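Work through the exercises below with the sequence and the 3D structure open. Each task is followed by a solution in steps.

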Amino acid sequence: MNLLIKGGRVIDPSQGIDEVLDIVVENGAVKELGAGLKAPAGAETIDAAGMIVTPGLIDMHVHLRDPGLEYKEDIITGTKAAAAGGFTSVACMPNTKPVNDNKAVTSYIVAKAKAEGLVNVFPVGAITQGSKGEALAEMGDLKEAGCVAVSDDGRPVTSSELMRRALEYAKGMGIMVISHAEDLSLVGEGVMNEGFVSTELGLKGIPWAAEDAATAREVYLAEFTDSPLHIAHVSTKGSLRIIRNAKTRGVKVTCETAPHYFTLTDDAVRGYNTNAKMNPPLRTADDMAAIKAALADGTIDAIATDHAPHHLDEKDVEFNVALNGIIGLETSLPLSLKLVEEGVLTLPALVEKMACNPAKILGIDRGTLKAGAVADITVIDPKATWTVEADRLASKSKNSPFLGWEMKGAAAYTIVSGKVVYSRS
């Protein structure tokens, strides 16, 4: 499709651009940026006055549940939710059924996403066979089939020796390792953050040390092997301190956090709210403040949702047996825009963490509006107000702690390869 996006505030950190401009899109690619540009023949014009225009947002951590768990979500509904949230690309984790640990599963995801998905889907393969932590998966085959990273997300690789080898092999193949940093022996039977609230509610707690100890191990292994490493869903001030120190030493470590960790604390669990149960668990106000500080100082490289859909029957149960995880694709943008409102981040810094940096970490050719780039573009209405209502969410599952919340900011248009795949109007 050909498009003229007219008069929006274009923010592209990859080029240092933050000004009111027009964008011309031809044949699915960005042709030019400038003032007073004319629409190419047969082009649709989008009036972006008063709106923010950015490289397409990228969520580098989602669970699409396809194949095998389609009763929770599938590639069609998951990518619809992504488009509604302003995301033009998502990276889907391998804990499907079967686990994405081989070419066949990866090829299925790639083919189905191409045929039925609204946005780009970049698969993440498993580090170990079946994500069991016993033997490495065939990383070369996974990369060849289309995987952009490897992870056993949902579980840690408990063997330090195996994780060392994973980092070494992945480095040689040029594929990123994404770590789920958790010491299961410290987690035990814990179901929420260990602290005052867990004691008050009579629930077994998960100490911050379960994340911090595992993060420290991963960082030291990355340093020892001189390998790049990405730490998923960071939630504690201690893990951030470890990562910040590692970066000052030149360790090739990046990390992400999720909107729920800078929006909610473990107080949200009061009332035994299973939609506030996730892994890592919601932490304390001190941890939330540390996450905001780490976003501001650049310790945290990316914001990712960890979109984890679950059927009502898996959440409408006792807290102890409810499954971990919440959906997040459709609420991430307004929650993240609040960081700008609070002065934690500038708009360009937010775009960097939601578009440019995820593209760099995963090594994909997205996250920019340079001439010739694939025209993946998000047009944001920063003043749009809306209420999170279960029956209006595109995701198949509705397990969100933000149901009923008033939100400010939304995607007005989501554009993938020059095609409008979502329009708020």
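**Exercise 1.** How many residues line the largest pocket, and which lie nearest its centre?

Solution. The model is predicted, so to speak of local features a pLDDT of at least 70 is needed, and side-chain atom pairs count only at pLDDT 80 or more, while totals for chains, interfaces and linings use all residues. Residues are numbered from 1 along each chain as its sequence is written, and side-chain values use heavy atoms, with hydrogens and water left out.

Step 1. A pocket is found on a 1 Å grid over the protein atoms alone, as an open set of points where a 1.4 Å probe fits, with protein on both sides within 12 Å along at least five of seven lines; lining residues have an atom within 4 Å of a point.
Step 2. The lining of the largest pocket consists of 25 residues, and N95, D153, G154, R155 and N324 are nearest the centre.
Step 3. The volume of this pocket is about 530 Å³, a volume being the space filled by probe spheres set on the points, which are joined across faces, edges and corners.
Step 4. Sorted by class, the lining has 7 nonpolar, 11 polar and 7 charged residues. Here Ala, Val, Leu, Ile, Met, Phe, Trp, Tyr, Cys and Pro count as nonpolar, Asp, Glu, Lys and Arg as charged, and the others, Gly among them, as polar.

**Exercise 2.** Describe the surroundings of R155, which is among the residues nearest the centre of the largest pocket.

Solution. Step 1. R155 sits in the loop between β9 (149-151) and α4 (160-173); helices (H or I, at least four residues) and strands (E, at least two) are DSSP runs, numbered from the N terminus.
Step 2. With a relative accessible area of 42%, R155 is partly exposed; buried means under 20%, exposed over 50%, and partly exposed in between (1.4 Å probe, protein chains only).
Step 3. Leaving out residues up to four places away in sequence, R155 touches S131, H180 and L184, where contact means heavy atoms within 4.5 Å.
Step 4. From R155 to S131 the C-alpha to C-alpha distance is 7.5 Å, and the two are 24 residues apart in sequence.

**Exercise 3.** Where does the second largest pocket lie relative to domain 1 and domain 2?

Solution. Step 1. The chain is assigned domain 1 (2-52 + 374-423) and domain 2 (56-368); such bounds come from an automatic or database domain assignment.
Step 2. Over C-alpha atoms, the domain centres are 25 Å apart. Domain 1 puts 38 residues into the contact and domain 2 puts in 49 residues.
Step 3. Both domains give residues to the lining of the second largest pocket, so this pocket lies between them.
Step 4. Its lining has 16 residues, with E330, W386, R392, Y422 and R424 nearest the centre. Strand β17 gives the largest share, 3 residues.

**Exercise 4.** Which residues have the most contacts inside the largest nonpolar core?

Solution. Step 1. A nonpolar core is a set of buried Ala, Val, Leu, Ile, Met, Phe, Trp, Tyr and Cys residues joined through side-chain atoms within 4.5 Å.
Step 2. The largest such core has 92 residues, and I127 and L295 have the most contacts inside it. Its largest share, 6 residues, comes from helix α12 (residues 347-362).
Step 3. Domain 1 and domain 2 both give residues to this core, so the core lies between them.
Step 4. Beyond its neighbours within four places in sequence, L295 is in contact with residues including T257, F262, I300 and K353.
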